Amino acid sequence: MSSVLELRGVGKTFARVPALRDIHLAVGTSELVGLIGPSGSGKSTLLRCCNRLTEPDAGEVVFEGNPVPAGGAELASVRRRMGMVFQAFNLYPHLNALQNAALAPRRAAGLSQGEAETAAREALERVGLGDRTTAMPDELSGGQQQRVAIARALALRPRILLLDEPTSALDPELVGSVLRVIRSLKEDGVAMLIATHEIAFAREAADRIAFLADGEILECGPPGEILDRPKSGRLQTFLSRL
Amino acid sequence: MRIFFDPEVLAAAWPGIRSGIDVTLGLALSSIAAGVALGLVLATVRALIRGAPLRPVGGLIAAYADVFRAMPPLVLLVVLYFAAPFAGVELSGFMAAFVALGLVLGASAEEIFWAGITSVNRGQWEAALSTGLSRGEAFRRVVLPQAVRLTIPPLTNRAIATGKNTALASVVAVPEVLNQAASVQAQTASPAPLLLAAGVYVALFLPLVRAGRWLETRFPTR
């Protein structure tokens, strides 16, 4: 399977504390890879190194066969094709749902206003919010806001989605609506790298799971192998505490 | 009572004060526009500069803002009008007042815009950049609109203060409201023109104060 995204020996140190160490991880076309691990284990940093929101200080990130450029229009072009979804949604509070999703197609991808709105509308329909296009973020539930955030990424037709604990800020009863959207995207063949605490979801939806502790991938493999037959003591402890 | 509201003196003072209103409004509007624009440009530059070679520019902008917020506008005005000619810079009274008020408001406006920009959540920048927007587009479409909402109440207050400070221009012979009133007062030895001037200032700026209060309820600070 060819990889959309590949991390080769990526490392990151914050104020002399290593946050990531020698990360090797590939995500194939239409593959869903789950990142699990304790809080502070480096899951967010790993995702943010992929699109250089955090600048890795070792190794290389390869996207569609080419190293992710350091900056400028080349990096912006890669970021468009690498959608990111944040734990705190980060919707633009002054724009409605449609404007949130249409902004980047218009201003980053250079589509006409009409084309951008069409792309945004389609993306909102895909996450089940085709009837809330004019709602402002503060008029939406947390689950709906996160689905708008997913639509904002989808409107750019990305090759891969990076999701940073997309359900962690949600009330329990709203988690399901977001996970359903993620499952349907997987059925449509969207490649995804998801940091998550939803182990049951990871077991059922992920093709592979990587377990991260203290900035290192200790184990990586199919869900059955990782969740049912953990090899390292760290992973056994982590799973037993859930 | 008659000495404060002498109808003959008031009638004699009114034409001058009437023309002074135009000067006051012209000076107020032009220096407010220039000051707000200056502050916005400087805060934008400060927000967008990145990388080592340009970093001192941010420090210079912050230094400008600090110095001119510490400078009394009257002092700056008399320096520009009375001292600058010795350096070969001759400004009319109106220009000196415009520059002084604009620079002082620009410093406050820069700090107000900067505070608004830095109070926008970092996640907003990151979300915008993650969709491939350039820093400039992210700033213009995402960060600045949110920052401006936060800046409107304090900026309105500074703008009103600048409008009132146009009265300082009377010391450099700009024929604005106070200057006109004072010259009639000097000729007639009657306080009535000054009271008329005070009433004119309140009539000019009370609507702005009221508008500012309305804006504060419209754009509440978080």
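A:Val33 stands opposite A:Leu193 in β8(A), where strands are DSSP runs of E of at least two residues and helices are runs of H or I of at least four residues, both numbered from the N terminus. Strand β3 (residues 32-36) of chain A runs parallel to strand β8 (residues 191-195) of chain A, and four bridges join them; strands count as paired if DSSP finds at least two bridges between them. The model is predicted: local features need pLDDT of at least 70 and side-chain atom pairs count only at pLDDT 80 or more, while totals for chains, interfaces and linings use all residues. Residues are numbered from 1 along each chain as its sequence is written, and chains are lettered from A and ligands numbered from 1 in the order in which they are written.

In chain A, six strands make up an open sheet with mixed pairing, in the order β6-β7-β8-β3-β9-β10. At its edges lie β6 (82-85) and β10 (216-221) of chain A, each pairing on one side only. From one strand to the next the twist averages 15°. Helix α5 (residues 142-154) of chain A lies across β6 and β7 (160-164) of chain A and runs at about 170° to β6(A). Angles run from 0 to 180 degrees between N-to-C directions, and axes are lines fitted to C-alpha atoms, for helices over the stretch in contact.

Chain A is divided into domain 1 (3-81 + 160-240) and domain 2 (96-157), with bounds that come from an automatic or database domain assignment. The centres of the two domains of chain A, taken over C-alpha atoms, are 24 Å apart. Contact between them involves 11 residues of domain 1 and 13 residues of domain 2, two residues being in contact if their C-beta atoms, placed from the backbone, lie within 7 Å. On the domain 1 side of chain A, α2 (72-80) and α6 (172-187) each supply at least two residues. The largest share of that side, four residues, comes from α6(A). By class, this side of domain 1 has eight nonpolar, one polar and two charged residues; Ala, Val, Leu, Ile, Met, Phe, Trp, Tyr, Cys and Pro count as nonpolar, Asp, Glu, Lys and Arg as charged, and the others, Gly among them, as polar.

Between the chains, 19 residues from chain A and 15 residues from chain B take part in the contact. On the chain B side, α5 (122-130) and α6 (135-164) give two or more residues each. The largest share of this side, six residues, is supplied by α5(B). The chain B side consists of five nonpolar, seven polar and three charged residues.

Two helix pairs in chain B involve α6(B). Helix α8 (residues 192-218) of chain B packs with α6(B) at an angle of about 175°, the axes being 9 Å apart. Among the residues making the contact are B:Ile152 and B:Ile160 of α6(B) and B:Phe205 and B:Leu208 of α8(B). The residues of this contact of α6(B) with α8(B) comprise eight nonpolar, four polar and two charged.

Helix α4 (residues 93-119) of chain B crosses α6(B) at roughly 150°, and their axes come within 8 Å. α4(B) and α6(B) are therefore also roughly antiparallel to each other. Residues meeting here include B:Leu105 and B:Ile112 in α4(B) and B:Val148 and B:Leu155 in α6(B). The contact of α4(B) with α6(B) has 12 nonpolar, five polar and one charged residues.

Key
Angles under 35 degrees count as roughly parallel, over 145 as roughly antiparallel, 65 to 115 as roughly perpendicular and the rest as oblique.
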